[in-house]
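Here's a quick briefing to go with the model. Have the structure open while you read.

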Amino acid sequence: MAISTKLEMRQSQSLIMTPQLMQAIKLLQLSNLDLVAYVDAELERNPLLEKGDSEGAASADNDAPAEVSSDSFSPETENTTSGVSPEEPQSGDWMESQLETGSEAIASRLDTDLGNVFPDEPGVPASPDPAVLKGGDSYKNTSSGSAGEDYNLEAFVAEEESLVHSLEDQMNLALADPADKIIAGHLINSLDENGYLFLDLEETAEQLGTDLGKVEAVLAVLQTFEPAGVFARNLGECLKLQLIERNRYDPAMAALIDNIELLGKHDYAALRRVCGVDDEDLVEMVSEIKALDPKPGSAFGGGLVQPMVPDVHVRRSPDGTWLVELNTETLPKVLVNQTYYAKISKNARNETEKEYLTDCLQTANWLAKSLDQRAKTILKVSTEIVRQQDGFLTYGIEHLRPLNLKTVADAIGMHESTISRVTSNKYMATPRGIYELKYFFSSAISATVGGDSHSAESVRHKIRQMIDAEAPNAILSDDTIVKNLKAEGVDIARRTVAKYREAMKIPSSVQRRREKRAKL
């Protein structure tokens with residue numbers, strides 16, 4: 001077999017991830033808030049992109065009235081555009097005819113100097129000159145700032161007080177020694193968002209170059225600050241500090257705090273033995289514990305909660321079918337300014353500038369197309385989900401069908417990965433509430449007699465209904481729940497019931513029995 005060098009020509013097809021394709025895939029999986037942030041960043045970077053304005057577009061479709069520039073606006077143009085004829089009295093003429101604008105005329109009528117009648121007071125701005133008002137200039141109060149500056153109301157909005165700021169204010173009043181303030185400041189900045197102090201005091205003392213006793217002394221002072229319970233190192237200490245604040249920390253309550261895990265298990269018999277109290281006193285003590293705040297610092301500095309804005313609206317039409325509409329408020333609108341590109345491309349001085357403008361134009365066009373394709377894909381996937389889950393929208397969660405990504409992908413002719421990206425961080429507003437698109441995809445649980453399979457979400461709902469309806473003297477075990485579900489045609493194992501129950505944070509039958517008996 002001879003070894004030689006030769007040339008061959010082959011033809012093949014392959015999918016290449018171009019930057020434009022990567023951008024389209026990225027936009028597809030972004031939430032509406034992330035999408036707005038991404039588009040805003042592109043608007044700042046690309047000079048050919050403009051933010052579309054629905055109001056501006058609507059006004060442009062009408063017989064557009066003439067635009068009036070704010071720089072050329074004057075009382076004459078105002079009267080002309082509002083339909084006032086030039087012969088009618090102007091606002092300046094009325095002011096001159098009705099008001100005494102001269103200081104000499106007013107002084108002669110009052111028979112005294114104006115300074116004696118209206119003495120200047122500090123902090124009170126002088127009256128505006130009517131001549132200035134006639135010229136159309138706005139009168140601004142300049143007593144609190146320099147003339148010509150805009151008055152910003154947002155500068156007077158009260159800042160939300162944080163936990164750190166509140167504790168620092170109390171520290172400045174309670175501690176006078178600068179060394180103690182340094183230690184206190186370090187401890188304050190080490191708190192978590194709930195007000196707990198998970199810090200090794202020995203390491204802290206070594207780090208600050210002081211002894212452990214001084215750090216503990218400062219911590220003891222800090223634990224008296226408001227809100228009660230801050231600077232605790234565990235839940236028991238947090239409850240202890242709040243009980244001390246209320247003067248309710250007695251030996252029986254101390255025993256209850258030391259055995260707080262028994263309260264979590266609802267083992268009231270063991271608590272009675274440990275605390276040495278009767279049933280009535282134990283119920284009162286437990287009520288006081290439940291009235292305490294296990295997270296005293298959570299009331300400060302809470303972050304802004306973003307409202308859940310749906311991407312798709314579903315409503316029933318008069319003929320009984322479901323209408324699926326995109327929420328236009330969550331879709332950013334961008335425009336490509338072709339006129340601006342044509343104007344500046346003529347003045348490009350070299351190839352680098354031409355390449356930059358061409359790249360900006362291509363990027364702008366691709367972004368506009370990607371946003372349009374994203375909206376169409378979301379609408380197509382949402383429509384198929386509504387078609388598959390018509391029973392849920394009509395009758396409720398018990399009729400939620402099992403559904404997977406492949407079923408939807410085959411129905412609309414897309415890949416499963418595309419469906420997965422579309423359903424991530426997207427929400428649908430239905431007559432039954434707002435749900436994430438992934439909520440409608442649920443695994444299937446087979447039926448006992450060969451009927452239609454059940455979705456896992458509907459089975460969870462049935463388990464919760466059974467547990468909520470159980471009597472205190474007839475608590476359902478997992479085995480009993482399995483039997484009841486099989487009687488309803490659901491073939492499920494006991495370990496699956498236990499897994500669903502734990503996922504819904506429902507305690508075991510033993511703990512539920514203790515809790516419901518305690519309530520009785």
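Predicted model: local features only at pLDDT ≥ 70, side-chain atom pairs only at ≥ 80, totals over all residues.

Residues are numbered from 1 along each chain as its sequence is written, and side-chain values use heavy atoms, with hydrogens and water left out.

**Rings and charges**
- The count comes to 7 aromatic pairs, where rings of Phe, Tyr and Trp (its six-membered ring) pair if their centres lie within 6.5 Å.
- Tyr435 and Tyr439 are stacked, at 4.7 Å centre to centre with 25° between the planes; stacked means planes under 30 degrees apart, edge-to-face over 60, and tilted the rest.
- Tyr439 and Phe440 make an edge-to-face pair, because their planes sit at 85°, with centres 5.8 Å apart.
- Ring pairs tie Phe392, Tyr435, Tyr439 and Phe440 into a cluster.
- Phe440 is buried at 1% relative accessible area (buried is under 20%, exposed over 50%, partly exposed in between, using a 1.4 Å probe and protein chains only).
- Arg316 lies over the face of Trp322, 4.0 Å from the ring centre, and the charged end of Arg460 sits over the ring of Tyr500, 4.6 Å from its centre. The rule wants NZ of Lys or CZ of Arg within 6 Å of the ring centre and within 35 degrees of the ring normal.

**Helix crossing**
- The axes of H23 (residues 456–468) and H24 (residues 478–487) come within 11 Å and cross at roughly 120°. Helices here are DSSP runs (H or I, at least four residues) and strands are E runs of at least two, numbered from the N terminus. Axes are lines fitted to C-alpha atoms over the stretch in contact, with angles from 0 to 180 degrees between N-to-C directions.
- On the H23 side, Val459, Lys462, Ile463, Met466 and Ile467 make the contact, meeting Ile481, Asn484 and Leu485 of H24 (contact means heavy atoms within 4.5 Å).

- Most residues other than glycine have a negative phi, and most peptide bonds are trans.
- Glu226 and Pro227 are joined by a cis peptide bond, omega about 0°, and Pro227 lies in the loop between H12 (212–222) and H13 (235–245).
- His266 has phi near 60° and is buried at 16%.
- Lys505 also has a positive phi of about 60°, but is exposed at 76%.

**A loop residue**
- Asn327, between strands S3 (322–326) and S4 (334–336), is buried at 7%.
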